[in-house]
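Have it open beside you and take the points in order.

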Amino acid sequence: MTDEHLLHWSPALSVGNADLDAQHIILLEIGREMIELLDRGGMAQQRLWSLLNDFFVISSHHDALEESILSDNGCPSLLEHRAAHAQSREHIHAALCQAAQLCLDQAHLRHALTDWMNHHLSEMDLRVKQFLHHPRQPQAVGVRPVLIHDMAFAS
């Protein structure tokens, strides 16, 4: 698979949440670098393992944040989203275990990465974009913030 078949970040992929968008950009770049290493025939295995570990850690944190926001905002497809995240984590974790044992299935890793890169955003996150904003803070009815100039100071 060549690089032009992989999803590239663009503003059209924004989910309207700066934290999630930043994580998406980082994960896309890490994924692209891993695929480039795989395209070179598995050279630089230490670098590949390091990137794979970074991808696993960042994507796990990302998935947890995304699921928390979806839950807070009452997303009706939260369970489907969680299941897709769990499946993706399983694939990446399996690749990490294989890499640690020096028996990495590069074709399986390539498939897991390209699947995440090409479908996580376009087929999962953009569908629930309206639920990925930061949840609104509840405000008490009839209460307004107290401003400094509203306060009476005793002398």
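1. Let's begin with a pair of helices. In this predicted model, helix α2 covers residues 45-72 and helix α3 covers residues 78-100. Their axes come within 10 Å of each other and cross at roughly 165 degrees. An angle over 145 degrees counts as roughly antiparallel, and α2 and α3 are therefore roughly antiparallel to each other. The crossing of the two is left-handed.

2. Next, see which residues make that contact. On the α2 side you will find Trp49, Leu52, Asn53, Phe55, Phe56, Ser60, Asp63, Glu66, Glu67, Leu70 and Ser71. Facing them from α3 are Leu78, His81, Arg82, His85, Arg89, Ile92, His93, Ala95, Leu96, Ala99 and Ala100. Sorted by class, the contact of α2 with α3 has eleven nonpolar residues, along with six polar and five charged ones.

3. Stay with α3 for a moment, and look at Glu90, which is found in this helix. Is Glu90 buried or exposed? Its relative accessibility is 57%, and the cut-off for exposed is over 50%, so Glu90 counts as exposed. Glu90 also makes a handy landmark for comparing sequence with space: Glu90 and Ala112 are 22 residues apart in sequence, and their C-alpha atoms are 9.7 Å apart.

4. Now for the cysteines. How many disulfides are there? The count comes to zero. As a reminder, a disulfide is a covalent bond between the sulfur atoms of two cysteines. For Cys97, the closest cysteine sulfur is in Cys103, at 9.4 Å, which is too far for a bond, because a disulfide needs the two sulfur atoms within 2.5 Å.

5. Cys75 has a relative accessible area of 7% and is buried. Cys97, at 34% relative accessibility, counts as partly exposed.

6. Finally, step back to the whole chain. It has four helices and zero strands, and reading along the sequence gives the pattern α-α-α-α. The chain has 155 residues, and buried residues make up 37% of them. As for contacts between residues at least 6 apart in sequence, 74% join residues that are at least 24 apart.

Definitions and conventions:
Residues are numbered from 1 along each chain as its sequence is written. This is a predicted model: local features need pLDDT of at least 70, side-chain atom pairs count only at pLDDT 80 or more; totals for chains, interfaces and linings use all residues. Side-chain values use heavy atoms; hydrogens and water are left out. Axes are lines fitted to C-alpha atoms, for helices over the stretch in contact, and angles run from 0 to 180 degrees between N-to-C directions. Angles under 35 degrees count as roughly parallel, over 145 as roughly antiparallel, 65 to 115 as roughly perpendicular and the rest as oblique. A crossing is left-handed if the near helix is turned anticlockwise from the far one by less than a right angle, and right-handed if clockwise. Contact means heavy atoms within 4.5 Å. Ala, Val, Leu, Ile, Met, Phe, Trp, Tyr, Cys and Pro count as nonpolar, Asp, Glu, Lys and Arg as charged, and the others, Gly among them, as polar. Buried means under 20% relative accessible area, exposed over 50%, partly exposed in between (1.4 Å probe, protein chains only).
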